[in-house]
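Dear colleague,

Please find below the structure that I am handing over to you. My notes on what was found in it follow.

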Amino acid sequence: MRILIVVYSFTGNNLLLARHLAQALGADLVEVRETTPRTPVTILLDLMFRRPGKIAPLHTDPQEYDHVLFLAPLWNRRIATPMRTAMRRLAPRLGACSFATLCGGDRAGQSETVRKDATAATGRPPTHQKEIWLETQRPVTAEDLARLTPQIDEILGWFAPAARTTSP
Ligand SMILES: Cc1cc2nc3c(=O)[nH]c(=O)nc-3n(C[C@H](O)[C@H](O)[C@H](O)COP(=O)(O)O)c2cc1C
């Protein structure tokens with residue numbers, strides 16, 4: 001199965017996970033880059049004024065892949081604005097897609113909001129969706145990822161059921 005991982009990451013957490021998944025799945029990896037500086041203040045401004053994130057051109061064609069996996073942080077229960085922009089941009093040539101995030105923790109209604117965001121931006125509901133809760137503000141390390149193995153295996157299992165470490 002040809003898999004493309006599209007990642008946006010502000011503080012590095014989702015990029016670390018994306019690199020790990022890309023290696024485990026033999027997937028191609030494309031990083032969403034912003035054209036204006038990102039700060040915590042601009043995150044709040046984007047959310048307050050419903051501003052879309054401005055991103056650089058994405059040099060990839062989703063039609064060359066069987067599945068596209070989007071990875072991005074959540075900001076105020078929503079998929080980070082630059083990723084929503086990337087999803088909208090790729091939508092016309094997108095087939096099956098899924099969304100996963102290394103995020104802060106559970107918030108009321110968050111999973112539903114994420115599903116709505118992904119569906120609105122791509123034009124289709126995500127095949128799979130996963131929130132991995134960090135419950136910490138510090139950047140994740142390779143050791144943190146090791147502790148999250150069961151949840152990461154769940155994502156790997158979307159694409160290669162035999163790769164699961166635990167029996168269903
Ligand atoms: C302004 C802001 C708002 C956030 N809101 C949420 C939220 O609503 N839900 C959540 O689970 N995490 C939230 N987080 C935490 C991030 O999703 C989390 O730290 C994530 O791992 C950062 O990913 P990155 O390092 O790839 O940018 C928020 C972080 C910031 C900076």
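In helix H1, the buried residues are Asn-13, Asn-14, Leu-17, Ala-18, Leu-21 and Leu-25. Because they cover an arc of only 125 degrees around the axis, they lie on the same side of H1. Please bear in mind that the model is a predicted one.

After H1 comes Gly-26, which has a positive phi, near 65 degrees.

**Strand S6 and its partners**

S6 is mostly covered, with six of its eight residues buried. Which strands pair with S6 in the parallel sense? One is S3, which runs parallel to S6 and is joined to it by five bridges; here Phe-70 stands opposite Phe-99 in S6. Another is strand S7 (residues 129-133), which pairs with S6 in the parallel sense, also over five bridges. In this pairing, Ala-100 stands opposite Lys-130 in S7. Between S6 and S7 the chain passes through helix H4 (residues 110-122), and this β-α-β crossover is right-handed.

Most residues other than glycine have a negative phi.

Arg-50 is not a glycine, yet its phi is positive, at about 50 degrees. Its place is the loop between helix H2 (40-48) and S3. Is Arg-50 buried or exposed? Arg-50 has 7 C-beta neighbours inside 10 Å, and it therefore counts as exposed, since the cut-off for an exposed residue is 12 or fewer.

Arg-77 is likewise not a glycine, and its phi is positive at about 75 degrees. This residue lies in the loop between strand S4 (74-75) and strand S5 (78-79). With 16 other C-beta atoms within 10 Å, Arg-77 is partly exposed.

Yours sincerely

Technical notes:
Residues numbered from 1 in each chain as written. Predicted model: local features only at pLDDT ≥ 70, side-chain atom pairs only at ≥ 80, totals over all residues. Buried ≥ 20, exposed ≤ 12 C-beta atoms within 10 Å, placed from the backbone. Helix = DSSP H or I, 4+ residues; strand = E, 2+ residues; numbered from the N terminus. Arc of directions from axis to C-beta. Pairing = 2+ DSSP bridges. Right-handed = clockwise from strand over helix to strand, strands pointing away.
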